[in-house]
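Reader: Hello! I am new to this one and would like to look around it with you. Could you show it to me?

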Amino acid sequence: MSLDGPFPAATDTAATAIPVAAGIGLRAAHFEVLTQTRPAIGWLEIHPENYLGGGAPLAYLERARAHYPVSMHGVGLSLGSADGLDGRHLERLAALARRIGPGLISEHVSWSVHDGIYFNDLLPLPYTEESLAAVCRNIERAQEAFGRTILVENASTYLQFAHSTIAEPDFLRALAERTGCGLLLDVNNVYVSCRNHGWDAAAYLEALAGAPVGEIHLAGHAENRVGDRIVRIDDHGSHVAPAVWALYEAVLASFGPVPTLIEWDTDIPSLEVLLAEAGKAQALLDWAIRHADAA
Amino acid sequence: MPTLLEVQQAFRDALLTREGEAVEAATGLIAPDGLDASARLQIHRNHVFLTLGDALAGLYPAVHAMVGEGFFRAAARRYIAAQPPRQPSLYAFGGELAAFLEGFEPASGLPYLPDLARLEWAMHESFHARDEPALNAADLARLPAEALEGRVLRLRADARLVRSAWPVARLWQAASAGDGEAVAAIDACLAPDHLLVLRDGLDARLWELSAGEWHWLAACAKGQGLGAAAEAGLAADPGFDLAAALTPNLQRGSFAPLSETPA
């Protein structure tokens with residue numbers, strides 16, 4: 001297929017570090033207004049899969065990259081795949097990273113590819129020693145391809161496997177310890193998974209104390225009725241919920257100030273609304289930075 | 001204890017089908033936790049079909065407008081189950097929708113629908129194609145006249161040729177504008193369209209060509225020399241004139257630079 005061609009070669013771009021500040025996701029709906037108005041925002045995060053074809057999307061990305069540090073947050077690498085990573089896809093991601101110089105590279109602790117089929121969903125993993133070894137293998141292979149450590153993110157989950165033997169935060173901590181990767185702590189996902197499974201969010205954070213959290217995600221979620229239960233779904237389609245802001249404050253208090261992204265991927269609002277949401281995160285970050293300086 | 005591979009195999013099958021052994025195997029892995037395991041699995045199945053359906057609707061806005069939300073979603077569900085994404089990036093997903101629609105019985109009353117899908121996929125491919133400069137007219141003019149006959153002019157990476165027995169350009173414009181009356185008015189007539197999709201700046205743009213110009217460009221795209229390609233143009237349209245056809249195509253940038261085409 002014609003979209004399958006080699007990724008265009010270009011000169012490498014040196015990485016620009018992601019500042020300890022609030023950032024927003026770069027979405028096609030905002031390409032024009034963002035590159036024209038260049039609002040004061042600390043950094044941008046991209047889904048690299050949207051730019052692997054090159055063409056017009058990559059041209060927009062490079063315009064934005066000229067003015068902002070960029071973080072590369074993958075959704076399709078499938079770190080949890082038992083049959084390993086797609087080497088060709090990984091090589092294309094690494095080529096994109098060389099070209100745009102992201103300050104951070106991250107992926108999810110989940111799987112989305114099996115047997116060559118891509119499900120476009122962050123599917124849950126059984127938390128077992130076998131899964132842990134498989135995800136570690138895949139993280140190590142990715143870190144080798146990128147030539148640097150990556151961050152891995154806790155996914156929202158809607159089901160648990162009967163044969164899981166490891167608690168989720170312990171699983172995350174073990175990934176970091178065994179591979180040297182950092183963690184991307186998605187506070188909304190912590191909230192969603194804890195509410196869906198009746199876990200204690202404070203205990204979840206306590207189990208991660210001291211873990212290398214290099215980035216935080218905040219997003220909105222939906223509350224769906226399934227049977228007689230409310231299931232919280234991580235749909236990135238609204239404002240960050242008050243309970244998630246409260247949990248974010250607790251995270252900043254225990255992990256210190258960390259680059260924080262507002263994710264809003266469905267029902268995408270105007271850039272103004274998105275920037276206002278990032279402003280709320282920035283205010284809390286500023287507080288955490290003052291607090292850290294005073295300590 | 002099931003292996004990770006067994007878990008993923010069970011989910012793979014259970015996500016793409018709604019019932020049967022595969023679903024039982026997957027739900028059997030899920031911890032009982034106050035909610036039916038199949039309802040938990042359904043959350044993921046919904047996500048897969050909804051987001052991939054959204055991707056198709058975004059790719060095929062005119063087809064979507066033409067058939068309406070309900071019809072489109074039903075067709076998308078069948079398509080996704082039959083042709084799930086094979087690459088972990090969605091820009092490469094959905095290219096077989098035209099072929100699928102040709103065999104999709106409920107759409108048989110809209111014979112132009114597959115061609116409309118073909119046109120929208122061509123525009124999508126053009127949008128995502130790599131950037132390439134256009135052939136400079138002065139470079140072409142510097143070639144000795146005797147070299148032109150056998151010279152191969154390659155089309156630019158973002159150029160796509162689409163041909164239809166139906167007036168798909170007007171159908172696309174009417175459906176994109178949500179103009180149902182205009183769509184209905186076009187519906188009755190059968191008039192062939194010869195189209196070129198080319199990126200203008202960062203947007204894919206549609207050009208309507210004569211039959212001769214289209215067949216000439218199609219022959220160029222196949223790697224035929226200018227002389228042989230012009231004959232293909234003439235065969236399709238006795239009024240085809242190579243010099244007259246070159247000018248607009250050099251202006252709009254249909255060709256890749258000479259340095260990148262074999263001599």
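**A walk through two chains**

Author: Gladly! This is a predicted model.

Reader: How many of the residues of β8(A) are buried?

Author: The strand spans residues 182–186 of chain A and is mostly covered. A residue counts as buried when its relative accessible area is under 20%. In β8(A) the count of buried residues is 5 of 5.

Reader: Which residue stands opposite Leu184(A)?

Author: Look to strand β7 (residues 151–153) of chain A, which runs parallel to β8(A) and is joined to it by 3 bridges. The residue opposite Leu184(A) is Glu153(A).

Reader: Is His89(A) buried or exposed?

Author: You will find His89(A) in helix α3 of chain A. Leaving aside neighbours within four places in sequence, its contacts include Glu49(A) and Leu52(A), along with Pro88(B) and Ser89(B) from chain B. The cut-off for buried is under 20% relative accessible area. His89(A) has 4%, so it is buried.

Reader: And Gly58(B), is it buried or exposed?

Author: Gly58(B) sits in helix α3 (residues 37–59) of chain B. Its C-alpha atom is 10.0 Å from that of His124(B), 66 residues apart along the chain. Exposed means over 50% relative accessible area. Gly58(B) has 60%, so it is exposed.

Reader: How much area do chain A and chain B bury between them?

Author: The contact takes 55 residues from chain A and 46 residues from chain B. Of the area buried, 64% is on carbon and sulfur atoms. The total is about 4600 Å².

Reader: Which residues form the salt bridge across the interface of chain A and chain B?

Author: The rule finds 1 salt bridge across this interface.

Reader: Which element gives the largest share of the side of chain A that touches chain B?

Author: Across the interface there are also 17 residue pairs in polar contact. Several elements give two or more residues to the side of chain A that touches chain B, among them α2 (55–65), α4 (129–146) and β6 (117–123). The largest share is 7 residues, and it comes from β6(A).

Reader: How do the residues on that side of chain A divide into nonpolar, polar and charged?

Author: Here we stay on the side of chain A that touches chain B. Its residues divide into 26 nonpolar, 19 polar and 10 charged.

Technical notes. Residues are numbered from 1 along each chain as its sequence is written. Chains are lettered from A and ligands numbered from 1 in the order in which they are written. This is a predicted model: local features need pLDDT of at least 70, side-chain atom pairs count only at pLDDT 80 or more; totals for chains, interfaces and linings use all residues. Side-chain values use heavy atoms; hydrogens and water are left out. Contact means heavy atoms within 4.5 Å. Buried area is the accessible area (1.4 Å probe) that two parts lose on being put together, summed over both. A salt bridge is a side-chain nitrogen of Lys or Arg within 4 Å of a carboxyl oxygen of Asp or Glu. A polar contact is a pair of N or O atoms within 3.5 Å; within protein, one must be able to donate a hydrogen and the other to accept it, and residues adjacent in sequence count only if both atoms are side-chain atoms. Helices (H or I, at least four residues) and strands (E, at least two) are DSSP runs, numbered from the N terminus. Ala, Val, Leu, Ile, Met, Phe, Trp, Tyr, Cys and Pro count as nonpolar, Asp, Glu, Lys and Arg as charged, and the others, Gly among them, as polar. Buried means under 20% relative accessible area, exposed over 50%, partly exposed in between (1.4 Å probe, protein chains only). Two strands pair if DSSP finds at least two bridges between them.
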